[in-house]
Amino acid sequence: MIEIEHVSKNFGEKVVLKDVNATIQDSEVFAIIGPSGSGKSTLLRMINLLETPDGGRIIVDGTDIHAERRRTLEIRRMMAMVFQKPAAFNESVYDNIAIGLRMRHVPEREIREKIADALEVIGLSGYEKRRAKTLSGGEMQRVALARALVTDPTVLLMDEPTANLDPLATATIEELVLRINRDFGQTVVISTHDMLQGQRLAHRIGVLMDGVFSQVGTPREVFALPKNKHVARFVGIENIVSGRIARTSEGVAEIESDGVIIRAVTPLPAGTNVCACIKPEDITLHLVDGSQISARNVLDGTVARMTAFGPLTRLSVECGIPFSVLITWKSAEEMGIAEGSRVRISFKASAVHVVKDAEV
């Protein structure tokens, strides 16, 4: 549906996008994640013809949209965009949703039918006469989504649509996005700084960093198999250990880092500078009691810090190098874990994701 080819964009001397490439498939939800200021909104605005690229092409349904100036209106009508802060006209909910249809000169009878259907989809049936400005933030965002949907867009663009909403309103919007994609087959491109939202919604994710897509893949590929340590750090892998492969045997490497040996499954040869990425949830915590542990990686350490992490407790365990470990509150209490406790951590060699460290 959308092909992005070598797209670049500068604002004065600031390079925002320098070589962005991606293919977005028909009927998929594609999430763009990345740090603040990475150009997520700029890329969406260029797809929506609100900004012009300085280089490269954006092709939507076979049309180079920035080269076909005579077809700008036709192309814009293929798309609808929902912004982070929805615009609310000082009118009724009905009139707010109807604006795009009236600009297209759709008959009022058809407008009424479309709005009734859209309000049912977003769960606001009966709100037609309510003043839009009296709605909550979540309700107003649902109205903005309805305003986009009634125009029957081929592509729905969403720029951080839940950034200003509470968790309950966010969950409602997310459910609507999934339902719209499932029931109507619309291609959805959503930018978000909420990585878990990208996991929940997207068929594929593009990680926008330093002006390019550092990685494009399924949620599992991006979050479990990041291509480099920068992506790994951004997607929340807290344990990223830089070292060198000292030796290998039967596909298992021994990575040395500050005197600590980490064993990992990797095809990379000895002598390679690497980063070993281990997710906190893949590490098991044990008491130092002599019990047998089958994992290839077993390290003794001291709990340096304990912090609450939702229903879990995050431990920082100093093993010569620090490791972040997640356990439940109940487990910490039952094991008698406290700051200063001597503990043992373990993790499988297959749980270590190894990438080359180009910066060493």
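Q: Is histidine 105 buried or exposed?
A: This is a predicted model, where local features need pLDDT of at least 70, side-chain atom pairs count only at pLDDT 80 or more, and totals for chains, interfaces and linings use all residues. Residues are numbered from 1 along each chain as its sequence is written, and side-chain values use heavy atoms, with hydrogens and water left out. On the scale used here, buried is under 20% relative accessible area, exposed is over 50%, and partly exposed is in between (1.4 Å probe, protein chains only). Histidine 105 has a relative accessible area of 70%, so it counts as exposed.

Q: Where does histidine 105 sit, and what is its phi?
A: Helices (H or I, at least four residues) and strands (E, at least two) are DSSP runs, numbered from the N terminus. Histidine 105 is in the loop between helix 3 and helix 4 (108-122). Although it is not a glycine, its phi is positive, at about 60 degrees.

Q: How many of the eight residues of helix 1 are buried?
A: Helix 1 covers residues 40-47 and is largely enclosed by the rest of the structure. Its buried residues are Lys40, Thr42, Leu43, Leu44, Met46 and Ile47.

Q: Which residue pairs with lysine 40 in a salt bridge?
A: A salt bridge here is a side-chain nitrogen of Lys or Arg within 4 Å of a carboxyl oxygen of Asp or Glu. For lysine 40, the N to O distance is 3.9 Å, and lysine 40 is buried at 5% relative accessibility. The partner, also buried, has 12%; its name is glutamate 160.

Q: How many residues apart in sequence are the parts that glutamate 160 and lysine 40 tie together?
A: Glutamate 160 lies in the loop between strand 7 (155-159) and helix 6 (167-184). Lysine 40 belongs to helix 1, so the pair links parts whose separation in sequence is 120 residues.

Q: What is the N to O distance between arginine 179 and aspartate 183?
A: Both residues lie in helix 6, four residues apart, or about one turn of the helix. Both are partly exposed, arginine 179 at 31% and aspartate 183 at 43%. They form a salt bridge, with the closest N and O atoms separated by 3.5 Å.

Q: At what angle do the axes of helix 3 and helix 5 cross?
A: The axes are lines fitted to C-alpha atoms over the stretch in contact, with angles from 0 to 180 degrees between N-to-C directions. Helix 3 (93-103) and helix 5 (residues 137-149) have axes that come within 8 Å. The crossing angle is roughly 35 degrees.

Q: Which residues of helix 5 make the contact with helix 3?
A: Contact means heavy atoms within 4.5 Å. Helix 3 brings Val93, Asn96, Ile97 and Ile99 to it. From helix 5 come Met140, Val143, Ala146 and Arg147.
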